[in-house]
Amino acid sequence: MAQRKGKYTIVFDDPPSVRASASIGTKKEAEGPIGDSFDVINDDAYFGQASWEKAESQMQSQVVAKALEKAQLSTADIECVFAGDLLNQCTGSSYGLRSLGIPFVGLYGACSTMAESLEVASVFLDAGAITKGVAVTSSHFCSAERQFRLPLEYGGQRTPTAQWTATAAGAAVLEKGDSPPFIRAATVGTIEDLGITDANNMGAAMAPPIVIIAPYPRNSLRSLSERNLHKKAPPAGGAFSFIP
């Protein structure tokens with residue numbers, strides 16, 4: 001069973017293995033510093049659909065299919081999918097994954113949704129509730145602008161430093177296995193108001209909770225206290241921390 005270390009961190013006794021992962025992006029993501037890391041790049045931000053919201057659902061469907069292909073598994077092998085997006089009521093996830101027939105846990109953590117889905121899936125796996133699961137999330141720049149900022153149709157001028165929400169999706173197939181990388185621990189952050197009021201700098205308002213993905217053998221996790229993870233709770237937000 002998972003053990004608590006300090007006030008905020010969960011260390012998994014039987015750490016789940018990431019069997020395979022996949023990612024999908026569009027033209028802008030391909031132009032970035034990790035453009036070569038995507039499994040699929042689609043120059044069409046609509047993904048052949050009639051709306052941006054439907055495009056996001058299509059991304060989720062495709063990225064899960066790609067991750068399962070890389071894991072050499074079928075949907076029948078997966079016992080639960082943990083998914084979220086940036087739309088109201090997890091619309092992108094619900095419509096994108098409904099045809100899979102897999103038990104579904106909808107999650108919302110804004111930028112932390114991928115970290116959150118990996119953590120929740122890991123708790124299920126460590127507890128023995130499932131033996132295989134998929135963690136997935138997505139965002140679409142155009143639908144996020146409509147949801148949170150200014151609709152693109154408004155034609156407002158963006159400042160040179162304004163953040164761009166990714167038009168992308170990612171998925172990871174998790175299982176109880178012996179092959180690295182493993183998800184050994186997770187730290188859950190508290191809700192913090194950092195006092196950021198600049199609408200063009202909302203990224204500064206978010207700082208990461210931590211999901212630790214370790215490549216080395218089981219039961220060899222270095223002391224978490226060495227990394228000062230427990231001295232102060234990290235603010236809620238989204239990112240990963242990889243142990244070297």
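Is Lys 66 buried, partly exposed or exposed, and what is its relative accessibility? At 24% relative accessibility, Lys 66 counts as partly exposed. With that answer in hand, let's look at the charged pairs of this predicted model.

**Salt bridges**

A search of the whole structure turns up six salt bridges. Among them are the pairs listed here.

| Pair | N to O distance |
|---|---|
| Lys 27 and Glu 31 | 2.6 Å |
| Lys 66 and Glu 69 | 3.7 Å |
| Lys 132 and Glu 175 | 3.8 Å |

**A pair within a helix**

Let's stay with Lys 66 for a moment, whose salt-bridge partner is Glu 69. Both residues belong to helix α2, which covers residues 52-71. They sit three residues apart there, so about one helical turn separates them. Glu 69 is exposed, its relative accessible area being 53%.

**A pair between strands**

Next comes the salt bridge that joins the side chains of Lys 132 and Glu 175. Lys 132 is part of strand β7 (residues 132-139), while Glu 175 is part of strand β8 (residues 168-175), so this pair ties together parts that are 43 residues apart in sequence. Glu 175 is buried, with 12% relative accessible area.

**Lys 27 and Glu 31**

Finally, the side chains of Lys 27 and Glu 31 meet in a salt bridge. Lys 27 is partly exposed at 48% relative accessible area, and Glu 31 is exposed at 53%.

Key:
Residues are numbered from 1 along each chain as its sequence is written. This is a predicted model: local features need pLDDT of at least 70, side-chain atom pairs count only at pLDDT 80 or more; totals for chains, interfaces and linings use all residues. Side-chain values use heavy atoms; hydrogens and water are left out. A salt bridge is a side-chain nitrogen of Lys or Arg within 4 Å of a carboxyl oxygen of Asp or Glu. Buried means under 20% relative accessible area, exposed over 50%, partly exposed in between (1.4 Å probe, protein chains only). Helices (H or I, at least four residues) and strands (E, at least two) are DSSP runs, numbered from the N terminus.
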